[in-house]
Amino acid sequence: MRFRLSFITVCALLCILFSCVREPKEKPLIIEEVIPGYWELISASRNGKNVPSLEGAYFEFDSLGTISTNFSGKQVVTEYIIDDQSIIYQEFGKDNRLDYLIKGFDTLQFNTVMRKIFNFELTLLRTEKGE
C-alpha cells in the first residue's frame, strides 16, 4: 500500500515537472536582419531635453551597406558598417557613430554624441517610405 502511494506521488511529481518545461525562446533579433528599411524618427532628446527641431528626420538602410539620412539637416547618402553595438557612417569626411539598441523588429533606439557635448537619444519606427 505504501509502495503504491509513493509510486503515484512520484509519478504525479514527474508529470508536474515535465509539464513545466520551458517554452522555446524566440530567436534574438540581430541588427543585420532588423536594420534594412526606412526608419522615421518618432522622438528625440538632446542632453535629456526634447528636440522638436528634428521632426521629419529619417534613416534608410539597405542590405548592401548604404545609409541615406537627413539627421544632420543635410541629405547624406553613404556606406555604413556595423561594429559591435554601433553603426558607423561617414558624413563630410567625419565618422559618425550611432550606438543602437533593438527595442523590437519595428523599433530602434540610437544614441550618439555630436560635437563632444550633445548627447542625442533617438527613437525610430520602421515605416513605409512616403507615409
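Modeller: The largest cavity is lined by Phe-71, Ser-72, Tyr-89, Glu-91, Asn-96, Leu-98, Thr-112, Val-113 and Met-114. This is a predicted model, in which local features need pLDDT of at least 70, side-chain atom pairs count only at pLDDT 80 or more, and totals for chains, interfaces and linings use all residues. Residues are numbered from 1 along each chain as its sequence is written, and side-chain values use heavy atoms, without hydrogens and water.

Biologist: What makes a space a cavity?

Modeller: On a 1 Å grid over the protein atoms alone, it is a set of points where a 1.4 Å probe fits but cannot get out, and a lining residue has an atom within 4 Å of a point. Points are joined across faces, edges and corners, and the volume is the space filled by probe spheres set on them. The count is 1 cavity of 30 Å³ or more, and the largest holds about 50 Å³.

Biologist: Which strand gives the largest share of that lining?

Modeller: Strand 8, with 3 residues. A strand is a DSSP run of E, at least two residues, numbered from the N terminus.

Biologist: How does the lining divide by residue type?

Modeller: Into 5 nonpolar, 3 polar and 1 charged. Ala, Val, Leu, Ile, Met, Phe, Trp, Tyr, Cys and Pro count as nonpolar, Asp, Glu, Lys and Arg as charged, and the others, Gly among them, as polar.

Biologist: Why do Glu-60 and Lys-129 count as a salt bridge?

Modeller: The rule asks for a side-chain nitrogen of Lys or Arg within 4 Å of a carboxyl oxygen of Asp or Glu. For Glu-60 and Lys-129 the N to O distance is 3.1 Å, so the pair qualifies. Glu-60 lies in strand 3 and Lys-129 in the segment after strand 9, so the pair ties together parts 69 residues apart in sequence.

Biologist: Why is Ser-45 called buried?

Modeller: Buried means under 20% relative accessible area, exposed over 50%, and partly exposed in between (1.4 Å probe, protein chains only). Ser-45 has 17%, so it is buried. Glu-60, at 24%, is therefore partly exposed, and Lys-129, at 57%, is exposed.

Biologist: What makes Arg-115 stand out in its phi?

Modeller: Most residues other than glycine have a negative phi. Arg-115 is not a glycine, yet its phi is positive, about 55 degrees. Lys-116 also has a positive phi, near 65 degrees. At 69%, Arg-115 counts as exposed.

Methods. Helices (H or I, at least four residues) and strands (E, at least two) are DSSP runs, numbered from the N terminus. On a 1 Å grid over the protein atoms alone, a cavity is a set of points where a 1.4 Å probe fits but cannot get out, and a pocket is an open set with protein on both sides within 12 Å along at least five of seven lines; lining residues have an atom within 4 Å of a point.
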